[in-house]
Number of protein chains: 2
Amino acid sequence: MKKEKKDAVKAENAQLKEEIKSLREQLLSQQQAIRAKGLPIIVLVEGWAAAGKGSLINELISEIDPRFYNVTTSVITGEAESRYPFLYPYACAIPENGKIMFYDSGWMEDVVRKYLHRDITRAQYRERVRSVNEFERQLRDGGYLLLKLFLDIDAGEQRKRMSALRENYETAWRVTDEDLWQQREYKLFKQSYESFMDKTGGLIPWHVLDGNKKNLAVRDAMKLLVESVDRALEAGRYVGKPFKESFPLRKMPKLSTVDLSPTLTDEDYRAELKKLQKRLGELHNRIYRMKIPVILCYEGWDAAGKGGNIRRVAKPLDPRGFDVIPIASPEPHELARQYLWRFWTRLPRSGHVCIFDRTWYGRVMVERLEGFCTEDDWKRAYNEINEFERQLTEWGAVVLKFWIHIDQDTQLQRFNDRQSTPEKQWKLTEEDWRNREKWPQYEEAIDEMLHKTSTEFAPWFIIESNDKKYARIKTLKIVIDALEKACEDHMA
Amino acid sequence: MKKEKKDAVKAENAQLKEEIKSLREQLLSQQQAIRAKGLPIIVLVEGWAAAGKGSLINELISEIDPRFYNVTTSVITGEAESRYPFLYPYACAIPENGKIMFYDSGWMEDVVRKYLHRDITRAQYRERVRSVNEFERQLRDGGYLLLKLFLDIDAGEQRKRMSALRENYETAWRVTDEDLWQQREYKLFKQSYESFMDKTGGLIPWHVLDGNKKNLAVRDAMKLLVESVDRALEAGRYVGKPFKESFPLRKMPKLSTVDLSPTLTDEDYRAELKKLQKRLGELHNRIYRMKIPVILCYEGWDAAGKGGNIRRVAKPLDPRGFDVIPIASPEPHELARQYLWRFWTRLPRSGHVCIFDRTWYGRVMVERLEGFCTEDDWKRAYNEINEFERQLTEWGAVVLKFWIHIDQDTQLQRFNDRQSTPEKQWKLTEEDWRNREKWPQYEEAIDEMLHKTSTEFAPWFIIESNDKKYARIKTLKIVIDALEKACEDHMA
């Protein structure tokens, strides 16, 4: 290199370092506002092996108070080992309000690499791209600032860096077989990365950084971060507008038209129960071995008989393979994250049955009616939930949703019964009485929920529960049918 | 079998079933009291392969409201795959107040099997037995009811059952190679189980159930559960007495005698910082590859400079391999469990560095002084914490604890500085002023803490931080020394 050129490079670097320093101070001074306004920030850093993702993140965080951020490394695992939906590790790692999470490569690398490995089919690849877009939109609409960076280097630079790493005993281990494969297949990867960015850049744009020049990449990344934080702080917490995608919906009756008269005799009940539980036990065994995840969602009126119904379904299940998850009001650390987070983190491993006693539908019932979220929030939730459940079924889960239904008279009778029976009194709270007063508003909300979220892939079932015995048998039959079908599909 | 004998067996079984039914009703009626009194219950079910642990648990839970209990299955993994202390999965799974957790085999099977596999040495086996005793005592002293069952069957019965399982296509998979190995080595296992129970039955007794007769085992297990719950409910929440084991302690000075005058010039600071951070970065790389877990604990006066100190130590670390964990007041779900639970669940994977910004020592400082726990609780905590930290170091962790120290004048100066600097105001709260008023009480508590918990395996270091630069350099040097030593030990 000629002296003039060397000097020019030197001057450029000095200039960049000055800028980085000043940007770093700006970021530092934004810290308090991020915290005060509770802005949650996700910085996704994708890019080539040896492009310097780790050291870029290092530069970004170097002056941030470590209590404000975290870094998560994606663990890319083969399909066979993975027991959760592919978005699971990323969804579980989202930051709480006022904090920054850096993803040191994430869902992009995950999806692209699994596709190139042929761990997933073309159709699955398309599904995952769609899920990624949904996931990102949901985060944005939930008030998250999402910055997506891709650190680019050319094939020659990558080869040079990998060679340098491999020559040194202390660093040789950093270059994996996967990395060498990428180097050999540089063109294929380039095409795949570009195609992925093309398909996922519509809503939240990708920023491609020139990783050949380290200081330049750092400056650009930091500038993007500082500017987008500024914009987000100024605009205030973003709340996404409701939107409507068309899902394949099942037609649901209005609750008021449901015939609640069906009953079962004790004798029929006992005979059916025994037979169905035996069958369910066998199916659980098969489900377990086929590694099919099962998610049963229970919602219903207070005192409708959810608990007893759940107990009858759970009884024949191998306790090593199922969990009942009671959902109460969210705790502070749960409120501090997107509302689906506390459900993501409770998903079952594949092959396990997970029974949710109340669910994410709280969003469009109690949270809607009690004003715990904005109107935009709950109106958006129907689609968000449909998307979430579609992601679950695409992972392979059986998702069934039960509305345990009774009428107002039956509820009153059961409330009174609880009140006068000492060992049942704990089941009845002031809140139950308050909710009862809002029956019409709830009924309206529930009708809307059933109408908008009973999809072909995750249908609702209204379970007539004025007679609890009838309700339990009906539920068992539905679960059994669905599991039998899932087992058949699995074999096919 | 003769007819008389058959009839006798039949009558016995009928009788047992009656008893089981009645016990089940008792358990059902205890449910509300368990909940109301917040009694947390652990039922550990160990025993032979094919002894029927799963179906015993099934019987025990069959009428319990699924919201009240959970079942966890131990995942016994080879030493190589395990990235956490051996008690980690069990400690993370403890139930919250008012709930029951069934362990479908647990720490006993884990320790015995790893020893028989020679995954752990004789010395490690002894350490683990001791850790198990400590773990169980800590749970008991924290108010947990712990019931330990061993389901026994003889070699012939085991062989018979395994053969039956293997003959049926639907159940053959349940018999693993491990199970077959146990069958072949029945005598060896018997000896090992007995020896383990012998060594861990002193404080919380083992109950051996006759698994050859299913109904008998169920009756006995249920009876034990109902009776012990009765006793626990009657006695009220158990609070363990303080106790004192002798640990190898380092002599610590009283805080009042610490010379806080050391300082560093800006020039020396910058030169040292650069050199030490470079060295720490290299060591982190080695630590990561050697899979040595590192746990750095920060405690100190408000405004002592913990945050800045942590930042200087964290800076050279690869962000993919460390986490800073800020510890605030416990949330409801954390308060509902033994106090160390929220730290167990945050332990780093081996090879990672975990920096705790405040720690479990809150127990003997703020919780002691503000009355958030009983006197017995905090007095017991010194030993409990020493045990916990010894368990961590036996896992292989480097555990270092820093008391970031300043005097009252310096604190006042920094408080005033914070108050008058807008971007620092958030760092100063009313609580800081209140704590300051209690300086003498805190100093007494801290002196006692340093005196009682600065063990050879997990020592305290007082970091003079009137001059923050001096403090940072001192901390870095201590961390580097310890990591260098750990790397050497690892090679040896």
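Q: Which residues in α4(B) meet α8(B), and which do they meet there?
A: In this predicted model, B:Met108, B:Val111, B:Val112 and B:Leu116 are the residues of α4(B) in the contact, and on the side of α8(B) they meet B:Leu188, B:Ser192, B:Tyr193 and B:Phe196.

Q: And by class, how many are nonpolar, polar or charged?
A: The contact of α4(B) with α8(B) has 7 nonpolar residues and 1 polar residue, with no charged ones.

Q: At what angle do those two helices pack, and how far apart are the axes?
A: Helix α4 of chain B, residues 107–116, packs against helix α8 of chain B, residues 186–200, at an angle of about 130 degrees, and their axes are 10 Å apart. Because of that angle, α4(B) counts as oblique to α8(B).

Q: Left-handed or right-handed crossing?
A: The crossing of α4(B) and α8(B) is right-handed.

Q: Switching to the chains: how many residues does the contact take from each?
A: Chain A gives 38 residues to the contact, and chain B gives 38 residues.

Q: Which elements of chain A supply at least two residues each?
A: Among them are the helices α1 (3–36), α2 (53–61) and α10 (266–290), along with the strands β2 (69–73), β3 (100–104) and β7 (322–326), all on the side of chain A that touches chain B. That side divides into 14 nonpolar, 10 polar and 14 charged residues.

Q: What scores come with the model?
A: The model has an ipTM of 0.77 and a pTM of 0.87, while chain A averages a pLDDT of 93, with 98% of the residues scoring at least 70.

Definitions and conventions:
Residues are numbered from 1 along each chain as its sequence is written. Chains are lettered from A and ligands numbered from 1 in the order in which they are written. This is a predicted model: local features need pLDDT of at least 70, side-chain atom pairs count only at pLDDT 80 or more; totals for chains, interfaces and linings use all residues. Axes are lines fitted to C-alpha atoms, for helices over the stretch in contact, and angles run from 0 to 180 degrees between N-to-C directions. Helices (H or I, at least four residues) and strands (E, at least two) are DSSP runs, numbered from the N terminus. Angles under 35 degrees count as roughly parallel, over 145 as roughly antiparallel, 65 to 115 as roughly perpendicular and the rest as oblique. A crossing is left-handed if the near helix is turned anticlockwise from the far one by less than a right angle, and right-handed if clockwise. Two residues are in contact if their C-beta atoms, placed from the backbone, lie within 7 Å. Ala, Val, Leu, Ile, Met, Phe, Trp, Tyr, Cys and Pro count as nonpolar, Asp, Glu, Lys and Arg as charged, and the others, Gly among them, as polar. pLDDT is the predictor's confidence in each residue, from 0 to 100.
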